[in-house]
Amino acid sequence: PLVSEVDAYVSTNRADVGYLSAYINHRGSYSDIKTFNPISAEEWLGKAHQMSNRIGVNGGKYIGRYTFNGDIYYDADIFHRYAQPKSDDAIDEVNYENIALAMSFGDSFADMSKVNFNIYAAADYYNDKSEQLPDLERKMQQFNATAGLKLGRNIGTKARIYATFDYQGSFGMKYIKQSSNNIISGSVAYEHNINKSIDIRASIKYSHDKIANQKSRHHILPNVYVGFNVAQKDTFVPYIEFDSRLERNTYQHLQQANPYILLRGAEYQAVPNTTIYNLRAGFTGHTTNNKLSYRLNANAAFMSNALYWINVDNIGFDVTTAAQNIITLNASLEYKPLSTLMFGAGFKWMLYDENFADIENGKPNFEANLNIQYTHHKFAVGAKADIIGSRSWSFAGNYFEGDVRDNYTLHSYTYPVCVDLGLTFDWFVAKQCTIYIEGRNLANSKIYDFALYRRLGIGAVAGIKVQF
């Protein structure tokens, strides 16, 4: 495959005035990928070009102890539905753009001996220009707005208190005009450190969640963390934590989660937001010489309206929601026998308690990684292996007949364990110049992030990093 990458930044800063920067980010890949459908046992070659682009400007003006910040950027992303067979009616291109503006004014929350505040607001316009089926010409557009206020202050020398008020709104236009999604939230938080041994963080958040044509939902979202720094040197820190959050499922969020989403029906049915509660316990630490660091925890997640993706007629994905519980075990370590040499390893095991008996969740049952990095004053070389456990996906036929899922012919298929091998090499030509080479998916594994849609095979990227 042909791959292109660009990251360019230009910035200026004056300590008594402010800062200004402009940037361009680009990622592209251009190739054909052969798709194998395990349900029909058919195989075909599809155009798999992908591209993501961002251009933006951000800056800040210092006004005494306060800073006024602004950021404006434009995104343009293109994907192709290469997993569908070629035909005259094929809907090939996924193409969307987003222009966003964000502003804030207030403190940095570094010195909280006085009341600190930050007022923020943002707005963006999202336009989906993707190809549609010939008899379903639709336009999907979305306007988003966010505004809020954050306050904070020290209480004595060891404690802090915060308060936040926040609004997030999304308003669909054209085909998704019945998809307004509004969340109004308020929260208070408290942090306290006791004799550098016990770290306590607690907050409570209330959110009012209203989606068009759905009943209002009220959420109480507590967060509590208690950590015990046993030796007061971070060498062994057991902790227990409970956190919760509300994740938005607007059309824009869904398409960014899965660019191959495909809408159907006379009217768009808004997807409820996902609520997640996590209970976690574990420990972190490192040896006294800092050569070995480690982390281990167990997590129980309880989710309402978790997303389930279903591949439909090879073209794209329908989405539905249901309750889902996940038990996760996480372990990771990093070992540095020398200042120039680093070994790392991680493992995550997941057990799912599903609400659906016939729809797969598309998530791996385990993930693992191994990596090594050696850094010399003239060069750096590294290797990594990411191991992804088996993933089961649901496939549906008869998608365009009748109501959603009413006439589905459901099948499932499990993709086997796969390994993503990579190598990196950096040559430090000069202080301001580095030439790099990356080898990607060197085992040429068939890695599927979505059913039928696999990643690029074996490849390499070479480039140059210049700073001046």
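This is a dialogue on how to read some side-chain features of a predicted model.

Colleague: Let us begin with the aromatic rings. How many aromatic pairs are there?

Modeller: Ring pairs are judged by the distance between centres and the angle between planes. In this predicted model the count is 28 aromatic pairs.

Colleague: Take Tyr 82 and Tyr 260. Which kind of pair do their rings make?

Modeller: Planes over 60 degrees apart count as edge-to-face. The planes of Tyr 82 and Tyr 260 are at 90°, with the ring centres 6.5 Å apart, so this pair is edge-to-face.

Colleague: Where do Tyr 82 and Tyr 260 lie?

Modeller: Tyr 82 is in the loop between strand 6 (66-80) and strand 7 (93-106). Tyr 260 is in the loop between helix 1 (251-257) and strand 15 (274-286). The pair therefore ties together parts that are 178 residues apart in sequence.

Colleague: Is Tyr 82 buried or exposed? And Tyr 260, buried or exposed?

Modeller: Buried means under 20% relative accessible area. Tyr 82 has 3% relative accessibility, so Tyr 82 counts as buried. Tyr 260, at 3% relative accessibility, also counts as buried.

Colleague: Which residues form one aromatic cluster with Tyr 82 and Tyr 260?

Modeller: The cluster also includes Phe 79, Tyr 96, Tyr 126, Phe 317, Trp 393, Phe 450 and Tyr 453.

Colleague: Now for charges over rings. Which ring has Arg 54 over its face, and where does the charged end of Arg 201 sit?

Modeller: Arg 54 lies over the face of Tyr 73, at 3.8 Å from the ring centre. For Arg 201, the charged end is over the ring of Tyr 225, 4.1 Å from the centre.

Colleague: Asp 124 is buried. What is the nearest side chain of opposite charge?

Modeller: A salt bridge needs the charged atoms within 4 Å. For Asp 124 the nearest side chain of opposite charge is Arg 248, 7.1 Å away, and Asp 124 has no salt bridge. Asp 124 is placed in strand 8 (residues 116-128). Its side chain does make a polar contact of 2.8 Å with the side chain of Asn 144. Beyond its neighbours within four places in sequence, Asp 124 is in contact with residues including Asn 98, Gln 142 and Gln 252.

Colleague: Last, Ile 198. Where is Ile 198 placed, and what is its relative accessible area?

Modeller: Ile 198 belongs to strand 12 (residues 198-211). Its relative accessible area is 26%, so Ile 198 is partly exposed. Leaving aside neighbours within four places in sequence, its contacts include His 192, Val 226 and Phe 228. Gly 463 is 265 residues from Ile 198 in sequence and 47 Å from it in space, C-alpha to C-alpha.

Key: Residues are numbered from 1 along each chain as its sequence is written. This is a predicted model: local features need pLDDT of at least 70, side-chain atom pairs count only at pLDDT 80 or more; totals for chains, interfaces and linings use all residues. Side-chain values use heavy atoms; hydrogens and water are left out. Rings of Phe, Tyr and Trp (its six-membered ring) pair if their centres lie within 6.5 Å; planes under 30 degrees apart count as stacked, over 60 as edge-to-face and the rest as tilted. Helices (H or I, at least four residues) and strands (E, at least two) are DSSP runs, numbered from the N terminus. Buried means under 20% relative accessible area, exposed over 50%, partly exposed in between (1.4 Å probe, protein chains only). A charge sits over a ring if NZ of Lys or CZ of Arg is within 6 Å of the ring centre and within 35 degrees of the ring normal. Lys and Arg count as positive and Asp and Glu as negative; His and the chain ends are not counted. A polar contact is a pair of N or O atoms within 3.5 Å; within protein, one must be able to donate a hydrogen and the other to accept it, and residues adjacent in sequence count only if both atoms are side-chain atoms. Contact means heavy atoms within 4.5 Å.
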